[in-house]
Amino acid sequence: MSKKVVLHYFNGRGKMESVRWLLAVAGVEFEEVFLTKREQYEKLLNDGVLMFQQVPFVEIDGMQLVQSKAILNYIAGKYNLYGKDLKERALIDMYTEGAIDLMDQIITLPFTPPENKQKQLSNIEEKAKDRYLPAFEKGLKNSQFLVGNQLSRADVHLLEVILMLQELFPTILSTFPKIQAFQEKMKALPTVSKFLQPGSARKSPPDEAYLKTVKEVLSHFFK
Ligand SMILES: N[C@@H](CCC(=O)N[C@@H](CS)C(=O)NCC(=O)O)C(=O)O
């Protein structure tokens with residue numbers, strides 16, 4: 001089995017983007033196989049590698065992993081992005097789940113029927129401002145990191161989600177000074193700065209071509 005880390009997903013963000021972020025921050029090189037045709041997905045199904053018939057699917061360290069949280073937990077544990085003990089890990093998990101809850105709402109937005117989109121967008125903005133960002137701002141009150149005195153996956157997920165939010169609501173951080181300072185510090189990290197450069201594996205916001213591909217490949221889901 002390949003020693004390389006290989007990501008199988010669409011050429012877009014979706015539920016794989018956090019995996020790309022974490023690997024990039026950990027300085028791990030990876031390859032990507034993009035699903036562009038229904039037949040590729042069916043082949044993965046026939047090969048028996050998709051435990052729950054879903055992607056993301058990641059080949060890493062001789063394993064064939066699905067379930068994005070399992071994949072992220074493994075990478076975070078292996079590359080020292082999961083705190084120094086179980087108590088830190090529990091805190092990291094709380095921040096992580098908050099960031100992922102918010103990201104999930106943003107990821108599904110493009111698939112929302114047009115008549116519901118504005119409502120969903122307003123809901124995301126309100127939740128971000130009133131629920132999630134205040135919690136992260138508080139978490140950064142006395143430290144440059146969310147948990148303990150070192151970088152963790154919680155920081156990486158926070159950076160990812162605030163960048164996503166700013167694409168939708170450019171001034172959303174204006175009342176969150178700690179998060180703004182956090183963002184600048186994070187962006188200056190060499191691995192982060194590299195991942196933010198054009199040409200990196202970081203994916204653009206979803207466009208029509210991405211939506212069309214996802215709907216074709218997962219036609220059973222969208223019928
Ligand atoms: N809990 C899973 C959800 C994965 C998931 O919903 N994957 C979608 C694509 S983003 C999929 O493969 N859907 C096909 C299906 O559910 O049949 C995870 O986090 O990995």
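## Basis

The model is predicted: local features need pLDDT of at least 70 and side-chain atom pairs count only at pLDDT 80 or more, while totals for chains, interfaces and linings use all residues. Residues are numbered from 1 along each chain as its sequence is written.

## Overall fold

The protein chain has 10 helices and four strands (DSSP runs, H or I of at least four residues for helices and E of at least two for strands, numbered from the N terminus). From the N terminus on, their order is β-α-β-α-β-β-α-α-α-α-α-α-α-α. The C-alpha trace spans about 50 × 45 × 30 Å along its principal axes.

According to an unreviewed UniProt entry, residues 85–206 carry the annotation "domain: GST C-terminal"; such annotations may be inferred rather than shown by experiment. This span is 68% helix and 0% strand, and its end C-alpha atoms lie 37 Å apart.

## Contact of α1 with α3

Residues S18, V19, L22, L23 and A26 of α1 meet S68, I71, L72, I75 and A76 of α3 (C-beta atoms, placed from the backbone, within 7 Å). By class, this contact has eight nonpolar, two polar and no charged residues. Ala, Val, Leu, Ile, Met, Phe, Trp, Tyr, Cys and Pro count as nonpolar, Asp, Glu, Lys and Arg as charged, and the others, Gly among them, as polar.

## Ligand shell

G14, K15, Q53, Q54, V55, P56, Q67, S68, K69, L218 and F221 surround the ligand (C-beta atom, placed from the backbone, within 6 Å of it). The shell divides into four nonpolar, five polar and two charged residues.

Conventions
Two residues are in contact if their C-beta atoms, placed from the backbone, lie within 7 Å.
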